[in-house]
Amino acid sequence: MLLELEARKEPSRSMLYLTPVIAVLLTMVFGAVIFTLLGYNGLAAVREIFITPAIDIGRWPDLGIKAAPLILIATGLSIGFRANVWNIGAEGQYIFGALAGTGVALLTWDMEGVWILPLMCLAGIVGGMLYAAIPALLKIKLEVNEILSSLMMTYVAVQLLYYLMRGPWMDPEGFNFPQTRLFSDSQLMPEIGDTFVHIGVPLAFIIALIAWFTMSKTVFGFQVRVVGAAPHAARYGGFNKNRTVLLSMLAGGGLAGLAGVFEAAGPFGQMVPQFPTGYGFTAIIVAFLGRLHPIGIMLAGVILAISYVGGEIAQTTLGLPNAAAGLFQAMMLFFLLATDILVKYRLRFGSAAPGGAK
Amino acid sequence: MTNFTRRNILKTAGAAATLPLLGTMARGTAPLKVAFVYLGPIGDHGWTYAHEQGRQAAIAQYGDAIETTIVENVAEGPDSERVIRNLAEQGNELIFTTSFGYMNPTLKVAKRYKNVKFEHASGYKQSKNVASYNARYYQGRAVCGTIAGHMSETGVAGYIASFPIPEVVQGINAFTLAARKVNPDFQTRVLWVSSWYDPAKEADAAKALFDQGADIIAQHTDSPAALQAAEQRGLMAFGQSWDMSSFAPTAHLTAIQNNWGIYYVDRIAKVLAGNWSTGSTWWGMKEGAVEMSPFNDRIPAEVQAAAIATRDNIIDGSVPAFAGPISDNTGTERLAAGGALDDGALNGIDWYVEGVSA
């Protein structure tokens, strides 16, 4: 009995959407086995990490808050990824956008008005765009690989953050602790009703839907997809590749920057050196788990959020170590990459019949 | 649930007999639920490990009368707010949040859960149900400084530091002041790693400091990575928060141990007795909150005696860690001979003593 891979004539559409589901299910099965072998209650671990946060309505606000930045950033990244533009530096654009928004907040700290928060958001978008424009222009003008340049720009942004927190932007009443003042009410994201969910959470989902519309119904979206899928055809079709590279990088940077302001003016309520928590990198997983499709990205963002929140629940209820959540996330990506092969190949059971795919 | 039944039986059967005993246990018979939020993994063998030892001490003291929960590796910022909120939601009555960056999240959650008591480590804000606590690590630093002044051949110490907050600046200054009492030319070179726990960065920092001529390392970060680097180079280092000698049996001279157990036992006793109140606690070597781990045998007897004298003089108050005269590293005199810096000055300290390059 042999297991063979046979090339498909066309990539399977059903597998394209099924493999993320298979990956999540395999993660649960293997997770249960691994944690049982380690001496924990494996089934309970899977239940606490994946099921409890999803079915307990009381946890949904937490999931939304955790998922919102991931969805925003991943939506922006997916536009670039579709155009074969590999912006790995969303973390840096997220930080730079947040710093731009913080700059507005500090300039207006003694003012009041409904215009302040929108101005901060605008500054965040522009800041993220400017920061993404650097690797984009380096690629267009000098053919510098954007994977390296955008990644390295992230570390520059982190150092800029540390410098501002320890020097010019430090809270003058904060006992020399490296952090800014707390934002005022005019600068904070309003919370919805009696919950602690800030309006950035629904906005993130709405923006992902707008991105879906843009990518599927506009010339820009078509152009991005053609440039990514068939660069030669795009050139014959008169599409400008450089323009697409620039625009898709700007879209990624802008949304990452906006996510940064939402996070700074929302859950953080100030700027601190601990602001970067890796959302920009996790969003890459979210983008691929969601198949670069806004709806998929929303689901993937929520699934990642579930694994974070669930990991904490498992710590408090089962005494599972914190590394468990990381293990589950890593397994999810591993199984996704592993099952991806099913999109282009089909599994064949049976004897090694002559003529079978080699 | 089985516990509950057993306790119920006990309660009904022995109610009359135990009634007089219940006087001090104002809360009834259910165990007090106590939670701890940790910054690092318990296995950091430093800061978080020391808090975990404190929790174990509380368990040893109170046994079934308390039920403890921990969450480790909690990032400062919004993640900590969610974790703290969920712990309050799960019915914990006393919650210790053990890192500076949890300060504003703790205060935010405490506003919503007025019946829960919170204890925040190393911050400067309190409220009706949020107390703060910290230890006078700088007293231990002075003992390390005395040893460094004797043991260093190059007369240069490397100091791996996280953020220039008063707690860290106090340590750098106390260490250098004590070392310069032994060797008036002693120099301390500070390297900031902008993190409390990052073994890779800490190891790199140690190597860089050794390359710049330091032969002894002190650290205000949490991992034993720098000690391992010192062991490899055949040089010396001090442990942080807990005895780290197992990582560097030769290089490890001594460590400042944070003995949180006595504070946790005390605070839990107050909650059990129903007389907990907010406040700010800053215990040191006198109270036993800061201790030196066993001295390495390679420290000569007379140096050990000098170190013990430094400690005893701090404990009895005859020579405080910050005794005048003190000049800063720009040459300005900050304190005349005969004086000592008071707690107010220490809590706002933002300058370095002579001999420090930061």
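This is a predicted model: local features need pLDDT of at least 70, side-chain atom pairs count only at pLDDT 80 or more; totals for chains, interfaces and linings use all residues.
Visitor: How many nonpolar residues does the contact of helix 3 of chain A with helix 10 of chain A have?

Guide: From helix 3 of chain A the contact draws on residues including Ile65(A), Leu72(A) and Gly76(A), while helix 10 of chain A contributes, among them, Met249(A), Leu255(A) and Glu263(A). Sorted by class, this contact of helix 3 with helix 10 of chain A has one charged residue and six polar ones, and its nonpolar residues number 15.

Visitor: Which helix of chain A gives the largest share of the side that touches chain B?

Guide: The contact between the chains involves 19 residues of chain A and 26 residues of chain B. On the side of chain A that touches chain B, at least two residues each come from helix 3, helix 6 (146-166), helix 10 and helix 12 (294-318) of chain A. By class, that side of chain A has nine nonpolar, seven polar and three charged residues. The largest share, three residues, is supplied by helix 12 of chain A.

Visitor: Is His45(B) buried or exposed?

Guide: Although His45(B) is not a glycine, its phi is positive, at about 60°, and the residue sits in the loop between strand 1 (32-37) and helix 2 (47-62) of chain B. Because His45(B) has 22 C-beta neighbours inside 10 Å, and a residue with 20 or more is classed as buried, His45(B) counts as buried.

Visitor: What is the phi of Ser194(B)?

Guide: Most residues other than glycine have a negative phi. Ser194(B) belongs to the loop between strand 7 (187-192) and helix 7 (199-211) of chain B, and it counts as buried because it has 20 C-beta neighbours inside 10 Å. Although Ser194(B) is not a glycine, its phi is positive, at about 50°.

Visitor: Which residue is joined to Pro325(B) by a cis peptide bond?

Guide: Most peptide bonds are trans. Pro325(B) lies in the loop between helix 10 (301-316) and strand 13 (326-327) of chain B. The cis bond to Pro325(B) has an omega of about 0°, and the residue it joins to Pro325(B) is Gly324(B).

Terms used. Residues are numbered from 1 along each chain as its sequence is written. Chains are lettered from A and ligands numbered from 1 in the order in which they are written. Two residues are in contact if their C-beta atoms, placed from the backbone, lie within 7 Å. Helices (H or I, at least four residues) and strands (E, at least two) are DSSP runs, numbered from the N terminus. Ala, Val, Leu, Ile, Met, Phe, Trp, Tyr, Cys and Pro count as nonpolar, Asp, Glu, Lys and Arg as charged, and the others, Gly among them, as polar. A residue is buried if 20 or more other C-beta atoms lie within 10 Å of its own, exposed if 12 or fewer, and partly exposed in between; C-beta atoms are placed from the backbone.
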